[in-house]
Amino acid sequence: MGKKVEVLAPAGNLPSLRAAVDHGADAVYFGFRNATNARNFEGLNFSLSDAEAGIDYAHRHGVKANVVLNTFPQADDPGLWYRTVDQTVTLGADAIIMANLALLDYCHKTHPKLPIHLSVQASASNAPAINFYRRHFGIDRVILPRVLTVGEIRSLRGRTDVDLEVFAFGGLCVMAEGRCYLSSFATGVSPNVEGVCSPARAVHFENSGGRLKTRLGEVLIAEYGPGEDAAYPTICKGRFDANGQVYHTMEEPGSLNILEMLPEVIESGVVSLKIEGRQRTKSYVATVTRILREAVDSYYEAPTLFRAKGKWIRELNATSEGATHTLGTYEQRWQ
Amino acid sequence: MRISLGPCQFDWGKNALKDFYRRMAFETPVDILYIGEVVCSKRQSLTPEEMVDLARELGPSGKEVVFSTLGLVMNAGEEDLLYRMAVAARSGGWWLEANDMGGIAVGEGRPMVAGPHITTYNPETVVFLQRVGVRRVVFPVELSALAMGDMIRRHGGEVETEIFAYGKLPLTFSARCYTARAFRYSKANCQFKCGDFADGMTMRTQEGVPFLAINGTQTMSHRVYNLVDETDRLEAMGVGVVRLSPQSLGMAEIVAVWKDRLQRRMSGGEAFRRLLELNGGEPFCNGYFNGRPGLEFVEPEVRPQ
């Protein structure tokens, strides 16, 4: 058996980063408080001094810290992105997570020693693409978009030397990331440029006659009857009318959770299991990190005897909208 | 500016597709034809070898033919298809349009087009792409006139630019098939249902407002994006090619209106009215071009300049 798979936890702020480290993460990832990363929500993310403190805390506990710089700078002000690359090196981060060709090129040439992880926003889902990024920018790792089955990941493992990281838990993007324009279609705000999908300022809740309507911009994303739980309005989890029925046309609200397939995922040859959710609370980070840690350790103690414990699943479900979970695309029949 | 006919996004079947491209090549004034399946490798669309035959057949029309690759390549079988496309394109000197970085990878070193699904958001990216062989860039559909104009001005290279100018906007790809899902089938057993929807399946909000079009693993705008009354601005920006995206009805007439407009035989307003008629009076959208939500239509008098 190879090296133990890594548990990689999100941090939207310093307390969450500490929680991740304290609850058994092998590595953490965070972004700065601006449009340079794809979770640019108000009140979230790190200042420069937070980043220093966070990296220091992680390193003192033997935990790696990765910096996220995964949006696409536009022509008018790319300076902030390039400065952030330089800062990441100065801060002593363990890796930088990027998607834009121009930034990758700059980073590889200017800071050849800084390990690069290709962001999920680059949507690299096949060997020619991944190997292209390796050839030109020396990437060490690719974060796979949530479009591959476990079988496809195992097969891909044989066609590239680049380390593979996959999402293990959290919000489920059901589209090819970095190339989804649904949110900007309704709001005019581009996740790729401004770093936020379904921005809070475009979200409206309307309550009338016991029915709740959720909107993104002008678009009605879902209407709920009494007693139904409303989800945060994102288009891909909305309820629409198609083919003569009203249903979640793309996906139900809920979380991706790979625990039931953990052995297959680990044995497919991935090096890192990523928890989504930099926008979530410290207690979410603590709970999910602790359970993933426990599950991974339990797998390595006796791989063939592994089973996902009911209490893990219940606790994880409780953290998620809709309180349900899915294996998502890792399982063929989801597609 | 030249006119291109983008790759057909829908599952019309081999024969209908071939007839369509023949008609477009020989009977309309388009300058460039993109052929090739962009959405789903399960569809019975043209194989790379059949594309070579078709491109040869279209040769006498004098039109430029480009081979478009899949928008999302997810497995070894699809990678093989990519390589076969690259070989097929080289065999006759046709360019590839890469719609996934895997497409850029297999086309590297040869002249190619970076399609609208390549994330070209800044001039430095255009410069990089040029280094690996890209000769024409089709910008992502969500970019505004301001952002595109800025990029064209600043990249400083020889790369030509193309803008998605007419048709339902391709907004996103997934591993999941939403047409199959609407029939409670899985993708593995999809029954090729997307073939029953020549222009996609309309998805409405619970208030009955048409919003998106489901097209297999792809999701598109319900409204047709239309920049025909912006051709002066496109020219001033330095755009080289306007892309019209195939639809099942009236495509030859749509191309003719665009040609008339580009040759100034028709005013922008007239061309717009004519296209509105051809669109059955259904409203268009142009929000992205004007820096607004993509689904909006911004009236001429309030457009930012």
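Analyst: A:Asn45 has a relative accessibility of 1%, so this residue counts as buried (buried is under 20% relative accessible area, exposed is over 50%, and partly exposed is in between, with a 1.4 Å probe and protein chains only). This is a predicted model: local features need pLDDT of at least 70, side-chain atom pairs count only at pLDDT 80 or more, and totals for chains, interfaces and linings use all residues. Residues are numbered from 1 along each chain as its sequence is written, chains are lettered from A and ligands numbered from 1 in the order in which they are written, and side-chain values use heavy atoms, without hydrogens or water.

A:Asn45 sits in the loop between β2 (27-31) and α2 (48-60) of chain A (helices are DSSP runs of H or I with at least four residues, strands are runs of E with at least two, and both are numbered from the N terminus). Its phi is positive, about 85 degrees, although A:Asn45 is not a glycine. Most residues other than glycine have a negative phi.

With a relative accessible area of 32%, A:Asn243 is partly exposed.

Where they meet, 13 residues of domain 1 are in contact with 10 residues of domain 2 (contact means heavy atoms within 4.5 Å).

For a residue in a strand, take A:Thr214, which is part of β9 (residues 211-216) of chain A. A:Thr214 has 0% relative accessibility and is therefore buried. Leaving out residues up to four places away in sequence, A:Thr214 touches, among others, A:His204, A:Phe205, A:Leu220, A:Tyr224 and A:Pro233.

The largest pocket has a volume of about 1,100 Å³. On a 1 Å grid over the protein atoms alone, a pocket is an open set of points with protein on both sides within 12 Å along at least five of seven lines, a cavity is a set where a 1.4 Å probe fits but cannot get out, and lining residues have an atom within 4 Å of a point. Of the 48 residues that line the largest pocket, A:Arg39, A:Gly171, A:Cys197, A:Glu276 and A:Gln279 are the closest to its centre. Domain 1 and domain 2 of chain A each give at least three residues to this lining. Among the elements of chain A, β7 (163-171), α7 (182-187) and α8 (191-194) each supply at least two residues, and β7(A) gives the most, with three. The lining of the largest pocket holds 22 nonpolar, 16 polar and 10 charged residues (Asp, Glu, Lys and Arg count as charged; Ala, Val, Leu, Ile, Met, Phe, Trp, Tyr, Cys and Pro as nonpolar; the others, Gly among them, as polar).

The second largest pocket has a volume of about 520 Å³. It is lined by 24 residues, and the closest to its centre are A:Lys3, A:Lys4, A:Glu6, A:Arg141 and A:Val271. Here β3 (64-69) and α10 (282-301) of chain A each contribute at least two residues. By class, this lining has 10 nonpolar, five polar and nine charged residues.

The structure holds five cavities of 30 Å³ or more, and the largest cavity has a volume of about 110 Å³. Of its 15 lining residues, those closest to the centre are A:Ala122, A:Tyr133, B:Met101, B:Ile118 and B:Thr119. The lining of the largest cavity divides into seven nonpolar, six polar and two charged residues.

B:Ser45 lies between β2 (32-35) and α2 (48-58) of chain B. Its relative accessible area is 10%, so B:Ser45 is buried. Not counting residues up to four places away in sequence, B:Ser45 touches B:Lys14, B:Leu17, B:Glu37 and B:Glu50.

Helix α6 (residues 145-155) of chain B is mostly covered, with eight of its 11 residues buried. What covers those buried residues includes α5 (123-131), β7 (160-173) and α8 (231-237) of chain B. Just after α6(B), B:Gly156 has a positive phi of about 70 degrees.

Conventions
Grid points are joined across faces, edges and corners, and a volume is the space filled by probe spheres set on the points. Domain bounds come from an automatic or database domain assignment.
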